[in-house]
Amino acid sequence: MKHRTEEELIGYRFGEVNERMEIAAHLEECAECREELARIETVFGALDAMPVPDPGEEYGRRVWQRIAPRLGRRRARWWESQFAPQRLLALGGVVALLILAFVAGRWTKPRIPVRDEADAAKVRERVLVVAVGEHLGRTEMVLMELENAPAGKGQKPINISLTQRRAEDLVEENRLYRQTALNEGDQAMASTLDELERVLLDIANSPEELTPAAFETIRKRIEAQGLLFKVRVVKQGLDERKSNPDAKPAENKSRGTERNKV
Amino acid sequence: MADEVAASDAIAVRRTLGGDRDAYRVLVERHSQTVYRLAYRMMGNRHDAEDVVQESFLRAYQKLKQFAGDANFGTWVYRIAANYAIDRLRQRNTDEARREGPSKSGEDSPGLDPLSQVRDLSPSPERLAGSAQLAEQMKAALAALSPAERTAIVMRHWDGCGIEEIAAVLKSNSNATKNTVFRAVQKLRRAMAPFVERNEARAMGTEG
Ligand SMILES: [Zn+2]
């Protein structure tokens with residue numbers, strides 16, 4: 001008697017074989033193949049036993065809060081607002097420059113010799129370094145605004161709508177740079193930008209009018225994470241890279257990988 | 001019940017397209033958990049999973065016009081998430097390959113043996129079968145699958161997707177997809193063999 005192969009039995013298990021009846025008939029009379037099928041079945045049992053951590057009942061609401069500000073405040077199609085003049089202005093000419101540099105890099109890739117390609121990569125990295133440096137400068141301003149805002153008196157609400165709008169713009173910018181950093185394999189920068197993105201989103205998602213207590217909470221969180229400090233460290237590292245393109249801060253790198261394990 | 005949800009989804013989609021942004025909230029809140037489970041099983045950690053969920057709903061919103069009203073929004077956003085997650089897995093592999101040097105090649109290379117990465121973790125059979133250890137081992141084995149294999153087994157086993165549906169995400173044909181599912185199961189099976197299969201002669205013998 002010819003036994004059924006592992007492949008046939010797995011296909012049978014999923015209901016995806018042609019000879020379904022024949023295999024069923026064989027299983028009826030062959031204890032060995034039945035055992036084999038049972039052993040295959042343990043794989044699915046083990047998979048079923050793998051937990052998915054419960055994100056909580058409120059998860060859907062949290063997702064909405066995270067993405068709502070990124071959906072835009074518009075009725076127009078997303079690309080219309082994405083490329084609206086003021087949006088481009090908000091993103092800054094730097095981004096356009098950055099995109100240009102990448103396109104140029106890709107475009108010429110097939111033909112240029114290795115040395116030029118290395119140069120092109122260097123140019124790209126340099127543009128990124130400058131652009132992200134400026135982005136961090138703007139982010140620093142937002143964080144500082146919040147840190148230095150006058151403490152609320154009594155129960156009088158604090159209005160942070162202006163800071164919020166800036167944070168919203170920075171979120172988009174930030175995502176673009178994070179993606180670019182990832183594409184370029186710069187994990188350290190990507191993870192710092194990732195941390196920033198969370199805080200910027202928090203700011204953008206808060207109500208416009210905050211009670212002094214709620215405001216304090218945001219401020220405490222920024223302080224607790226030492227974000228302003230981190231931004232400054234990274235910015236300083238970038239400044240050094242700007243003047244000395246070959247130096248990559250080692251300390252920065254290890255922090256990045258450490259975080260990536262989480 | 002499922003029909004009612006789909007009908008109410010269709011209304012929410014129409015409202016969103018009509019400019020009522022908050023109508024989209026209903027869709028997000030209703031389908032986040034399902035998309036999250038898919039994303040978690042694909043990505044293997046919470047942080048990436050949450051990223052995938054957010055990005056998927058953003059993309060679905062941006063592409064909402066392309067969504068044919070008669071299709072099911074839940075299925076549609078699920079597919080967007082699967083597509084995005086597999087891209088992320090591929091990206092992750094490329095990043096890792098770049099960090100670790102040229103020894104480890106890209107995805108789907110048939111020579112890549114997940115056992116070589118998993119074996120170190122396997123405890124001796126005597127210590128075996130603590131279910132926590134087994135779960136760890138399965139986690140490592142899933143992580144060692146190629147992005148296509150991982151996608152295929154997650155969609156097939158946990159979510160009961162049809163081969164055609166999986167093939168669409170893998171951008172492959174159904175025969176190749178069946179094969180991918182099979183390879184995934186086979187690799188997982190070998191990875192857990194030290195835990196459950198005392199009598200392994202046959203399991204290891206069919207290795208091809
Ligand atoms: Zn048999």
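Biologist: What arrangement do the four donor atoms around the zinc ion make?

Modeller: Ideal angles at a metal are 109.5 degrees for four tetrahedral donors. Four donors count as tetrahedral if all angles lie between 85 and 135 degrees, and here the four donor atoms subtend angles of 95 to 131° at the zinc ion, which makes the arrangement tetrahedral. Please keep in mind that this is a predicted model, in which local features need pLDDT of at least 70 and side-chain atom pairs count only at pLDDT 80 or more, while totals for chains, interfaces and linings use all residues. Residues are numbered from 1 along each chain as its sequence is written, chains are lettered from A and ligands numbered from 1 in the order in which they are written, and side-chain values use heavy atoms, with hydrogens and water left out.

Biologist: Which residues are the protein donors of the zinc ion?

Modeller: Donors are N, O and S atoms within 2.8 Å of the metal (3.2 Å for Na, K and Ca), and sites may look incomplete because water is not among the atoms. In this model the protein donors are A:His3 (ND1), A:His26 (NE2), A:Cys30 (SG) and A:Cys33 (SG), which lie 2.1 to 2.3 Å from the zinc ion. Their spacing in sequence is H-x22-H-x3-C-x2-C. A:His3 lies in the segment before helix 1 (6-13) of chain A, whereas A:His26 belongs to helix 2 (residues 20-29) of chain A, so the pair ties together parts that are 23 residues apart in sequence. Helices here are DSSP runs (H or I, at least four residues), numbered from the N terminus.

Biologist: Is A:His26 buried or exposed?

Modeller: Buried means under 20% relative accessible area, exposed over 50%, and partly exposed in between (1.4 Å probe, protein chains only). A:His26 is buried, at 8%, whereas A:His3 is partly exposed, at 29%.

How values were computed: Tetrahedral: all angles 85-135°; square planar, octahedral: opposite > 155°, others 65-115°. Helix = DSSP H or I, 4+ residues; strand = E, 2+ residues; numbered from the N terminus.
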